[in-house]
Amino acid sequence: MSKVIGILAGSLRKESFSKKIGNALIAMAPDGFEFKVVSLDDLPIYNQDFDDHNQIPEAYTVFRNEAKALDGFIFITPEYNRSVPAVLKNALDVGSRPYGQSVWDGKPGAVFSNSPGNVSGFGANHHLRQSLVFLNVPVMQQPEVYINKSNELFDEKGVFKDERSRVFLQKAVDAYIVWFTKNA
Ligand code: FNR
């Protein structure tokens with residue numbers, strides 16, 4: 001049976017570059033793996049009362065069940081004010097509770113950060129890693145994946161404008177598969 005890797009993009013924007021990168025990764029899964037985009041579009045902001053008083057939003061249940069069934073994760077994060085956008089941090093929080101039932105625990109991950117600017121989401125990349133340490137997600141160390149000029153990656157059809165970008169991301173995916181296999 002294939003291992004299923006979740007692709008989580010930290011943006012709600014319809015034309016999000018992070019979502020486009022995530023969609024482009026789907027075709028890069030090798031034999032024995034399936035890459036599946038996990039939507040974060042409908043997740044309400046985490047409120048512990050929901051879990052404590054058994055008033056769990058349907059969207060939490062759908063997301064938690066979907067994430068529980070996944071074997072690993074590639075996080076595609078943009079950067080908001082030098083950190084992780086709230087939508088992605090919220091997904092980490094929702095998936096981490098109720099206490100003792102985290103969907104993340106022990107599953108290998110990778111962080112791909114991106115920005116239209118030159119700093120490539122470095123701050124978001126490392127803030128995300130900090131949370132993932134606590135969540136016991138073994139995160140690929142090398143290669144680090146920083147993607148700049150995210151606004152220039154794709155044409156209108158979502159196809160890479162420059163083959164070198166596709167090759168760069170394929171190498172990152174291949175390294176993640178090796179990491180996954182060692183750490184799963
Ligand atoms: C940004 N942007 C941004 N870019 C960056 O490189 N570093 C940053 O700290 C920020 N901060 C920031 C804050 C807020 C509130 C917004 C809306 C935007 C620009 C950001 O990289 C750009 O909007 C991306 O296109 C967002 O990613 P998606 O939606 O294309 O995936």
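## Basis of the model

Because the model is predicted, local features need pLDDT of at least 70 and side-chain atom pairs count only at pLDDT 80 or more, whereas totals for chains, interfaces and linings use all residues. Residues are numbered from 1 along each chain as its sequence is written, and side-chain values use heavy atoms, with hydrogens and water left out.

## Ligand site

An N or O atom in the side chain of Arg-13 is 2.8 Å from an oxygen atom of the ligand, and a polar side-chain atom of Ser-16 lies 2.7 Å from a ligand oxygen atom. For Glu-79, a polar side-chain atom lies 2.7 Å from a nitrogen atom of the ligand. The ligand taken alone exposes 620 Å², of which the protein buries 70%, with accessible areas from the Shrake-Rupley method and a 1.4 Å probe.

## Largest pocket

The largest pocket has a volume of about 300 Å³, the volume being the space filled by probe spheres set on grid points that are joined across faces, edges and corners. A pocket here is an open set of points, on a 1 Å grid over the protein atoms alone, where a 1.4 Å probe fits, with protein on both sides within 12 Å along at least five of seven lines; lining residues have an atom within 4 Å of a point.

The lining comprises 13 residues, of which Ser-96, Arg-97, Ser-102, Phe-134 and Leu-135 lie nearest the centre of the pocket. The elements giving two or more residues to this lining are α4 (86–96) and α5 (122–134), and α4 supplies the largest share, four residues. The lining divides into four nonpolar, five polar and four charged residues.

## Aromatic pairs

The structure holds ten aromatic pairs, defined by ring centres within 6.5 Å, with planes under 30 degrees apart counted as stacked, over 60 as edge-to-face and the rest as tilted. One of them, Phe-50 with Tyr-60, is edge-to-face, at 5.8 Å centre to centre and 70 degrees between the planes. Phe-50 lies in helix α2 (residues 48–52) and Tyr-60 in helix α3 (residues 58–68), so the pair ties together parts that are ten residues apart in sequence.

## Backbone features

The peptide bond from Arg-97 to Pro-98 is cis, with omega near 0 degrees, and Pro-98 lies in the loop between α4 and β4 (109–114); helices (H or I, at least four residues) and strands (E, at least two) are DSSP runs numbered from the N terminus. Asn-54, in the loop between α2 and α3, has a positive phi of about 50 degrees although it is not a glycine.

Terms used:
A polar contact is a pair of N or O atoms within 3.5 Å; within protein, one must be able to donate a hydrogen and the other to accept it, and residues adjacent in sequence count only if both atoms are side-chain atoms. Ala, Val, Leu, Ile, Met, Phe, Trp, Tyr, Cys and Pro count as nonpolar, Asp, Glu, Lys and Arg as charged, and the others, Gly among them, as polar. Rings of Phe, Tyr and Trp (its six-membered ring) pair if their centres lie within 6.5 Å; planes under 30 degrees apart count as stacked, over 60 as edge-to-face and the rest as tilted.
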